[in-house]
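Come and read along with me.

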Amino acid sequence: MSDPLLKVDNLHVEFKTGSIITRAVNGVTFELNEQENIGIVGESGSGKSVTATSILQLIPSPPAKVANGAIYFKGKNLLKLSSKEMRKIRGNEISMIFQDPSTSLNPVFTVGNQLIETIRAHKKVSKKQAKQKAISLLDLVGIPAPDKRIDMYPHEFSGGMRQRVMIAIALACDPEVLIADEPTTALDVTVQAQILNLMKELQERLGMSIIMITHDLGVVWETCDKLLVMYAGRVVESASVKDLYQQPLHPYTWGLLDSQISEGQNSAEPLASIPGSPPDLSYEIKGCPFVERCPYAQDICYQETPQLNETIQGHAVACHFQTSEHQLERKEREYSDGDAT
Amino acid sequence: MMETLLEVNGLKKHFPVSNPIPFKKSTQSVKAVDGVNFDVYQGETLGIVGESGCGKSTMARLVNQLIKPTDGSVIFKKQNLIDMPAEKLRQMRQKIQMVFQDPYASLDPRLKVGELIAEPLVIHQIGDRTSQKQRVEELLEIVGLNKRYADRYPHEFSGGQRQRINIARALTLNPELVICDEPVSALDVSVQAQVINLLNKLQQDFKLTYIFISHDLNVVRYMCDRIAVMYLGRIVEIGTFEEIYANPQHPYTKALFSAIPKESPFEEKERIILKGTVPSPLNPPSGCHFHERCPVAIDICKTKEPKMITKEKIHQTSCHLAD
Ligand SMILES: Nc1ncnc2c1ncn2[C@@H]1O[C@H](COP(=O)(O)OP(=O)(O)OP(=O)(O)O)[C@@H](O)[C@H]1O
Ligand SMILES: Nc1ncnc2c1ncn2[C@@H]1O[C@H](COP(=O)(O)OP(=O)(O)OP(=O)(O)O)[C@@H](O)[C@H]1O
Ligand code: SF4
Ligand code: SF4
Ligand SMILES: [Mg+2]
Ligand SMILES: [Mg+2]
């Protein structure tokens with residue numbers, strides 16, 4: 001088998017603020033193959049964005065620091081590249097759609113300016129050609145009247161339109177890997193379907209690979225091949241999307257699936273949710289990071305941190321009681337304490 | 001019959017487009033909201049759905065008078081908020097509050113949580129320090145946060161916690177109408193469920209009326225009694241969720257419902273893919289705004305704007321074919 005296109009290997013990232021060290025990413029490992037689409041889901045604060053931005057080394061450092069690990073792209077460790085070499089890869093071979101469009105679009109420049117800049121930073125084209133390309137990109141992501149819109153400022157766009165501009169910028173240079181951090185959260189479902197289709201099409205046409213961070217499981221079922229479930233800076237489960245849907249194994253994943261609204265449920269019945277909150281990552285975590293909220297926890301869970309192990313072919317989980325020899329029995333609506341804070 | 005709390009008539013907002021030639025007056029405008037009518041009944045939740053950029057947030061800002069309309073009226077508790085004397089409007093506006101989409105951007109990072117929640121009281125000069133502090137503690141408790149959090153800064157909280165702070169802030173002045181603009185879209189599923197449960201509980205406890213803007217049709221189905229479907233500055237269909245879901249009349253509504261993401265990786269979905277791009281509110285199409293993309297358009301649609309017609313008492317739509 002050939003090497004994966006991208007391999008994140010035992011990545012550790014920490015933030016140092018004053019004397020406090022927050023261990024945001026704690027040993028994340030995964031592989032992305034050509035033309036593959038990997039989804040990442042997980043609780044807010046579980047390190048999804050930090051993992052993604054580390055790949056492109058776009059985390060502010062300090063306070064952030066990669067404490068351990070490697071990120072291989074086409075066999076080269078990105079963490080060892082000079083900033084000049086990294087700039088060449090960024091936006092060109094690997095590009096990213098950021099979670100928060102308001103922080104990544106500059107309010108003082110027109111949308112067109114920002115697109116043209118990006119195109120000209122990586123491709124030797126005239127201003128005029130770049131502008132043409134920019135207009136066609138805006139059109140591609142479904143911005144109406146792109147020739148007029150191109151001269152407008154970000155604040156004159158609706159939330160969803162700004163997000164589409166971000167997508168246009170990320171696609172400007174036909175990247176090989178697209179990292180999309182919540183790319184469709186601000187979009188309505190018809191535009192979302194259109195954008196997801198566009199990504200699929202580019203994936204087939206250009207052989208693009210995608211890392212898709214989302215909290216919408218519908219988007220995962222729709223577009224991803226593999227799924228990573230993250231919790232407290234770790235991958236706690238990873239499998240093909242179909243396996244994960246049919247046989248989820250980690251108790252956190254169960255809680256996540258139970259929290260979804262299903263058809264026929266109405267507000268007379270509170271939604272299930274996982275009570276409590278994730279651990280404070282500025283303390284050393286002893287045992288399983290999910291232990292405080294896990295209905296299946298036993299003594300060993302407070303003592304030892306479970307490692308991510310393949311239990312079934314291609315399906316890995318980090319739980320003491322989910323192994324090839326022993327399996328937990330999933331309880332019906334275990335997470336029903338809707339009001340817990 | 002339920003009592004009408006809010007009545008919106010012929011509401012319009014046209015934003016002038018800055019002219020690239022200096023000192024020349026702009027001749028074009030973005031018709032963000034272009035003649036919208038609806039009622040909101042006491043105690044209900046009205047969902048607003050529609051394509052991104054169709055004017056939902058602008059409409060919310062018009063209802064709560066953060067911006068002034070180009071035309072139309074907003075009648076709240078039987079009084080028109082447009083042209084109301086400033087002092088009176090200030091009083092009325094206390095009863096209409098907003099919760100915004102982005103729990104990160106909507107809280108001033110320089111203020112402590114307690115100051116943020118007390119801010120509306122300070123602005124409206126209600127009570128003294130002690131009573132304000134008491135109210136803050138009470139509100140933190142209501143939204144399920146620890147009283148001690150009053151002394152912390154917003155950046156110390158997660159998205160879900162920040163959205164609780166936003167909700168507490170919206171409740172400070174005992175509103176009757178709360179407009180939630182995508183209140184849970186930025187939250188992960190499990191936290192989203194907690195915030196939705198909280199909003200439901202508050203509605204019961206304080207007899208609140210909600211206008212609930214969301215892209216997530218599953219959330220809308222769960223939360224809302226009625227929904228209004230918007231397209232390019234206008235409402236194209238309005239009625240109870242069940243009725244519209246079971247029996248959508250407008251072709252845009254049909255396309256919208258068909259685009260709900262899959263519920264499993266095995267589901268095969270029939271999608272109505274809309275052709276063409278979203279038309280521009282700078283230059284909306286003639287006749288029915290939807291005609292260029294409508295899969296079933298007929299000749300008259302190009303020239304004549306369809307009127308709102310009542311299908312059932314609980315269901316209205318504007319499409320020539322629904323006649
Ligand atoms: N600039 C920063 N300084 C200090 N801590 C940070 C910084 N950025 C992120 N963190 C911490 O790193 C952890 C992981 O954050 P990250 O943004 O990756 O979460 P996420 O999984 O993307 O969450 P969400 O779903 O809310 O986007 C969090 O605990 C966060 O507080
Ligand atoms: N200050 C402004 N100046 C000019 N145009 C504006 C302004 N604010 C909004 N618009 C335009 O008005 C239209 C409606 O925007 P609005 O933010 O109300 O949409 P929305 O339905 O809330 O969309 P989304 O779902 O993406 O949040 C858009 O075309 C937008 O570009
Ligand atoms: S290791 Fe223990 S605490 Fe962690 S998920 Fe498994 S059962 Fe729960
Ligand atoms: S009026 Fe005509 S164009 Fe508009 S939705 Fe109905 S059939 Fe389609
Ligand atoms: Mg994130
Ligand atoms: Mg909006």
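This is a predicted model: local features need pLDDT of at least 70, side-chain atom pairs count only at pLDDT 80 or more; totals for chains, interfaces and linings use all residues.

My entries below go from the surface to the ring pairs.

Entry 1: Is A:Lys88 buried or exposed? Its relative accessible area is 59%, and exposed means over 50%, so A:Lys88 is exposed.

**Entry 2: ring pairs.** I reminded myself that a pair of aromatic rings is described by the distance of the centres and the angle of the planes. The count over all chains came to 13 aromatic pairs. I looked up A:Trp221 and A:Tyr245: their ring centres are 5.0 Å apart and their planes lie at 85°, so I wrote down "edge-to-face". This pair links distant parts of the chain, 24 residues apart, with A:Trp221 in helix α9 and A:Tyr245 in helix α10 of chain A. A:Trp221 counts as buried at 3% relative accessibility, while A:Tyr245 counts as partly exposed at 32%.

**Entry 3: over to chain B.** Next came B:Tyr231 and B:Tyr252, with ring centres 4.9 Å apart and planes at 50°, so this pair is tilted. B:Tyr231 sits in strand β9 and B:Tyr252 in helix α9 of chain B, 21 residues apart. I found B:Tyr231 buried at 2% relative accessibility, and B:Tyr252 is buried too, at 0%.

**Entry 4: a cluster.** Last, I saw that ring pairs link A:Trp221, A:Tyr245 and B:Phe266 into a cluster.

Terms used: Residues are numbered from 1 along each chain as its sequence is written. Chains are lettered from A and ligands numbered from 1 in the order in which they are written. Side-chain values use heavy atoms; hydrogens and water are left out. Buried means under 20% relative accessible area, exposed over 50%, partly exposed in between (1.4 Å probe, protein chains only). Rings of Phe, Tyr and Trp (its six-membered ring) pair if their centres lie within 6.5 Å; planes under 30 degrees apart count as stacked, over 60 as edge-to-face and the rest as tilted. Helices (H or I, at least four residues) and strands (E, at least two) are DSSP runs, numbered from the N terminus.
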